[in-house]
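Hi there,

Here is the structure I promised to hand over. My notes on what turned up follow below it.

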Amino acid sequence: MKLFKKLFKKNKWEKYFNKGESKIKTPDLSIYEYIKDKAKENPNEIAINYFNKKMTYKKLLEEIDICASALLSKGIRKNDVVTICMANTPEAVISFYAVSKIGAISNMIHPLSAPEEIKYSLESTNSVLMIAMDVSYTKIKEILNETNVFKLITVSAADSMPPLLKIGYYVTKNFKIEKPKSGGFNQFWDDFMIEGKKYNSKKVVKRTKEDPAVILHSGGTTGVPKNIVLTNGNINSLAEQAHIIFPKLGKGDSMLAVLPIFHCFGLVVCIHAPLCLGASSILVPQFDAKRFDKLFSQYHPTVVAGVPTLFEALLTNKYMDNMDLSYVKYVISGGDTLTVAKNEAVNKFFRARNCRSGVIQGYGMTETTGPIAAQVLGATKLGSIGIPFPSNQVKIVDPNTKEECPTNEVGEILVSGPTVMLGYLDNEKETNDTLEKDENGDIWVHTGDLGYLDEDGILFFSQRLKRMLIVSGYNVYPSHIEDVIIEHEAVLSCGVIGIPHPYKVQVPKAYIVLNSDYKLTNELKNEIKEHCERKLAKYMLPKEYEFRESLPKTMIGKVNYKELEKEINNKS
């Protein structure tokens with residue numbers, strides 16, 4: 001009877017799809033096998049554009065195969081974890097797919113992470129080899145001997161640049177960084193690939209859609225770092241969904257990939273999905289808001305995806321005033337919600353420049369392999385986050401009773417579908433707290449977000465249940481920052497809240513109370529700041545530090561964050 005109900009359960013979103021398109025069938029392939037099949041359909045089309053140096057799909061597959069051979073020559077085997085600590089470069093894309101080809105697992109981390117964060121990631125994932133930007137070498141060299149990593153492959157952002165640009169990069173930027181020496185523990189990318197050519201293995205490790213493929217990162221519900229395990233099926237399902245929800249995207253199109261490859265949105269939406277649809281990915285290793293106009297004039301991308309802060313930069317770029325953007329097919333916003341006013345402003349901006357596409361707001365999280373819903377296929381109500389992608393389900397439940405809420409009633413957003421993560425690596429408790437199996441055997445993600453479904457099945461986001469900031473599209477957990485600050489011996493207590501920022505939307509501000517044995521001096525202020533810089537990624541660092549005699553407290557003695565937020569609101 002349960003199976004009968006499940007098979008014949010009415011899909012409230014079916015009306016938005018063409019016949020047969022409300023469901024997808026995820027192929028039982030690895031990420032590599034999937035991209036290989038798609039690439040064979042478009043061998044001579046451009047897959048990667050890096051500073052106008054272009055790589056065809058055929059060439060991309062050749063480079064992936066060489067990299068896979070190089071990994072095998074180092075002894076990397078099925079289920080080994082390879083950490084990729086890279087910005088958006090061709091080498092990062094090649095490495096990601098090469099790791100998949102040999103049945104290993106990619107661990108994607110931020111090149112600007114603090115040394116302690118990198119060390120934790122390497123240890124907790126049991127990484128054995130690392131491919132990293134050379135700009136991270138100073139931080140990496142301090143901690144690698146404390147991990148199981150036996151080989152470091154270093155890559156320069158200039159390695160795949162056109163010759164003249166490469167010279168300019170070395171003259172203006174490369175001299176500023178500490179350069180690793182090749183040999184022994186460390187090896188440069190070019191030498192690594194030469195070994196791959198010599199090894200020349202044709203080996204492809206068969207993996208299923210249920211097998212783990214990549215580890216991404218989030219603070220979960222507590223701010224403690226969580227390793228999110230996504231499967232081959234998770235990643236490939238998103239590409240299958242993209243084929244239906246973005247029907248105009250395909251051969252000859254290009255995606256402006258300013259969102260980083262170590263971020264789920266950047267990896268899946270800006271790189272994997274367009275490549276699987278025959279489009280090209282324009283790789284931007286470092287985004288400069290002041291030069292946003294040059295990206296449009298130079299590349300003419302047909303798809304632009306970004307976080308709200310990216311569109312903030314776009315709206316204030318005076319050099320785009322007279323630009324024709326009629327070639328843009330899709331404008332996608334994710335990572336945080338645009339306000340209705342900002343949504344309208346972005347729409348007005350593109351319409352004024354001959355673009356017919358309004359901004360498409362999406363909603364999702366790393367635990368769901370990025371976006372699970374968006375304003376697509378006619379579900380474009382202003383202020384909404386659209387409808388679920390094919391084969392996804394959304395329900396709203398009362399946070400207290402767990403009973404499903406009626407139409408237009410706010411509750412916690414739960415998500416089910418083929419992109420739901422496998423779980424948190426070696427963290428059964430957090431996995432069980434986040435994933436729930438229902439009576440039909442479906443797995444639901446507790447998002448920790450509040451929202452509602454209206455009478456048309458369109459999803460609206462209200463607010464977050466958990467205390468979390470969104471800084472330039474990245475999840476930042478105040479409790480994590482507080483834990484780091486309180487580690488300093490001079491700090492008695494600390495409270496962190498988000499304050500408004502013109503581009504980043506929010507940035508952290510730390511309120512600090514010192515132990516009575518310490519006096520506030522400029523030297524101590526700098527010491528605490530330096531402590532944070534050693535322990536936190538740049539985007540997590542407090543924008544402001546305010547030292548006080550005491551912090552406001554609730555009736556039960558906890559820091560009263562609402563009172564601190566009220567003070568900020570009263571000042572603005």
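The structure holds two cavities of 30 Å³ or more. A cavity here is a set of points, on a 1 Å grid over the protein atoms alone, where a 1.4 Å probe fits but cannot get out, and its lining residues have an atom within 4 Å of a point. Grid points are joined across faces, edges and corners, and the volume is the space filled by probe spheres set on the points.

This is a predicted model, in which local features need pLDDT of at least 70 and side-chain atom pairs count only at pLDDT 80 or more, while totals for chains, interfaces and linings use all residues. Residues are numbered from 1 along each chain as its sequence is written, and side-chain values use heavy atoms, with hydrogens and water left out.

The largest cavity has a volume of about 40 Å³. Its lining is made by Ser 100, Gly 103, Ala 104, Arg 207, Pro 212, Ala 213 and Asn 232. The second largest cavity comes to about 30 Å³, and its lining residues include Trp 13, Phe 17, Pro 388 and Phe 389.

Now to the salt bridges (a side-chain nitrogen of Lys or Arg within 4 Å of a carboxyl oxygen of Asp or Glu). The count comes to 18. One of them joins Lys 119 and Glu 146, with the closest N and O atoms 2.5 Å apart. This pair links distant parts of the chain, 27 residues apart: Lys 119 is in helix α5, and Glu 146 is in the loop between α6 (137-143) and β6 (151-155). Helices (H or I, at least four residues) and strands (E, at least two) are DSSP runs, numbered from the N terminus.

Is Lys 119 buried or exposed? Lys 119 counts as buried because its relative accessibility is 17%, the classes being buried under 20% relative accessible area, exposed over 50% and partly exposed in between (1.4 Å probe, protein chains only). Glu 146, at 42%, is partly exposed.

Helix α5 also holds Ser 121, which is buried at 5% relative accessibility. Ser 121 and Asn 227 are 106 residues apart in sequence, yet 8.0 Å apart in space, C-alpha to C-alpha. After α5 comes Asn 126, with a positive phi near 55°.

Another salt bridge pairs Asp 456 with Lys 381 (2.7 Å, N to O). Finally, Lys 509, Glu 544, Glu 546, Arg 548 and Glu 567 are linked in a network of salt bridges, in which Glu 546 and Arg 548 have their closest N and O atoms 2.9 Å apart.

Best wishes

Methods: On a 1 Å grid over the protein atoms alone, a cavity is a set of points where a 1.4 Å probe fits but cannot get out, and a pocket is an open set with protein on both sides within 12 Å along at least five of seven lines; lining residues have an atom within 4 Å of a point.
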